[in-house]
Amino acid sequence: MSLYIHHDGRDHEFTVTGDTGALRSTPLLAPAGTDARISLHQLLARYGAIHTQPPTERTPT
């Protein structure tokens with residue numbers, strides 16, 4: 001599963017990994033093409049909005 005954010009005029013894809021964070025209930029995500037990890041909570045706190053569809057599939061609101 002992938003999640004998407006829009007930041008600095010660009011869209012970024014994050015892949016949900018099978019790993020969990022320190023709280024054991026928080027899924028970790030990996031930015032596309034890297035081995036880095038960020039928790040779902042950190043991603044939401046940092047960017048404020050997370051999308052479940054890529055920008056090309058989103059319906060304008």
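Q: Before we get to the sheet, when do two strands pair here?
A: Two strands pair if DSSP finds at least two bridges between them. Keep in mind that this is a predicted model.

Q: Good. So which order do the strands take in the sheet?
A: The 4 strands form an open sheet in the order β1-β2-β3-β4, and the pairing is antiparallel.

Q: Which strands stand at the edges?
A: Those are β1 (2-7) and β4. Each has a single partner strand, so one side of each is left without a neighbour in the sheet.

Q: How many bridges join β3 to β4?
A: There are 2 bridges, and the two strands run antiparallel. Across that pair, Leu-29 stands opposite Ile-38 in β4.

Q: Stepping back, what pattern does the protein chain follow along the sequence?
A: Reading along the sequence gives β-β-β-β-α. In total the protein chain has 1 helix and 4 strands.

Q: Changing topic: how many salt bridges does the structure hold?
A: It holds 1 salt bridge. The side chains of Asp-19 and Arg-37 meet there, at 3.5 Å from N to O.

Q: Where do Asp-19 and Arg-37 sit in the chain?
A: Asp-19 is in strand β2 (residues 10-20), while Arg-37 is in the loop between β3 (27-31) and β4 (38-39). They are 18 residues apart, and the pair links distant parts of the chain.

Q: What about the overall dimensions of the protein chain?
A: Along its principal axes, the C-alpha trace spans about 35 × 20 × 20 Å. The radius of gyration is 12 Å, which agrees with the value near 10 Å that a compact globule of 61 residues would have.

Q: What share of the residues counts as buried?
A: Of the 61 residues, 25% count as buried. The accessible surface of the protein chain comes to about 4,400 Å², and 51% of that belongs to carbon and sulfur atoms.

Key: Residues are numbered from 1 along each chain as its sequence is written. This is a predicted model: local features need pLDDT of at least 70, side-chain atom pairs count only at pLDDT 80 or more; totals for chains, interfaces and linings use all residues. Side-chain values use heavy atoms; hydrogens and water are left out. A salt bridge is a side-chain nitrogen of Lys or Arg within 4 Å of a carboxyl oxygen of Asp or Glu. The radius of gyration is taken over C-alpha atoms; the globule rule is 2.2 Å times the number of residues to the power 0.38. Buried means under 20% relative accessible area, exposed over 50%, partly exposed in between (1.4 Å probe, protein chains only). Accessible areas come from the Shrake-Rupley method with a 1.4 Å probe; for residues, only the protein chains shown count as cover.
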